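We'll walk through the pairings one at a time.

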Amino acid sequence: MAGAVYGMAIDRGQLYTVSGGENLQTVNVFDLNNGKHVRSWNHTDTKKYLSSKLVVVGNQVVIADKANKVLCVYTLTGQLIKKIPSQQMRGSTVCMSTADNDSIILSDCKSNRVYKISITSGKVLWESDCVVNPQGVTCFNNQYVLVCGWNSGREKIHVLDINTGE
C-alpha cells in the first residue's frame with residue numbers, strides 16, 4: 001500500500017482498504033487468513049481527508065467520492081457498477097457505515113446531517129439533524145446507528161434508530 005489509508009472494511013475473510021496520494025487512490029484487498037494481497041483497483045477522489053469512506057454492502061464495495069459528490073459502487077472484484085449522485089457530501093469529514101444489504105449510513109460534518117441511503121435506488125431513506133458535527137458512524141445489531149458528534153469541545157455518542165433516524 002502506498003500512502004495513507006482512508007478507509008477499511010472487512011467482509012468474508014477479506015480486508016478492503018482504500019489508500020493513496022493526492023489524485024489517485026487504490027483499493028487493495030487482502031486475505032485475512034494468510035495476509036496475502038488478493039487484488040487491487042484504482043479509485044480517483046481528490047478529497048480524501050478525514051473520512052472513513054469505504055464500506056462493503058451485500059456483495060458491493062461503496063466508496064465515497066467527495067470531489068465529485070458521488071457514491072461509487074463496485075463489485076467485490078473492482079468493476080464499477082454505478083455512481084450514485086450524493087449532494088449530501090458537503091464537508092471534509094464524511095463517514096459511512098453499512099446499514100444492511102442495501103443501504104449505508106452517511107454522516108456529513110459540514111451539513112450537520114446523518115443520512116440513510118439506498119444503494120439500489122440511490123434514494124435518501126431518512127435524514128437526521130440530531131447530531132451536531134457528526135464525525136464517526138457505525139451500526140449495531142441491525143437496530144441502531146451510533147454517531148459521534150463534537151459540540152462545545154466535547155464528544156458525545158448519539159444513538160439513532162436505524163429505520164427512522166430518530
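Let's start with a turn: β8 and β9 form a hairpin with four residues between them, and G78 in that turn has a positive phi of about 105 degrees. Strands here are DSSP runs of E with at least two residues, numbered from the N terminus. The model is predicted, so to speak of local features takes pLDDT of at least 70, side-chain atom pairs count only at pLDDT 80 or more, and totals for chains, interfaces and linings use all residues. Residues are numbered from 1 along each chain as its sequence is written, and side-chain values use heavy atoms, with hydrogens and water left out.

There's another hairpin, made by β7 and β8, also with four residues between the strands. In its turn, K69 has a positive phi of about 50 degrees. Strand β8 (residues 70–75) is mostly covered, with five of its six residues buried (under 20% relative accessible area, using a 1.4 Å probe and protein chains only; exposed is over 50%, partly exposed in between).

| Pair | Bridges | Facing residues |
|---|---|---|
| β7 (residues 60–65) and β8 | six bridges | I63 and C72 |
| β8 and β9 (residues 80–85) | five bridges | V70 and P85 |
| β3 (residues 25–31) and β4 | six bridges | F30 and H37 |

Now for the sheet that holds β4. What is its strand order? The order is β1-β2-β3-β4, in an open sheet of four strands with antiparallel pairing. Its edge strands, β1 (4–11) and β4 (37–43), each pair on one side only.

Notes:
Two strands pair if DSSP finds at least two bridges between them.
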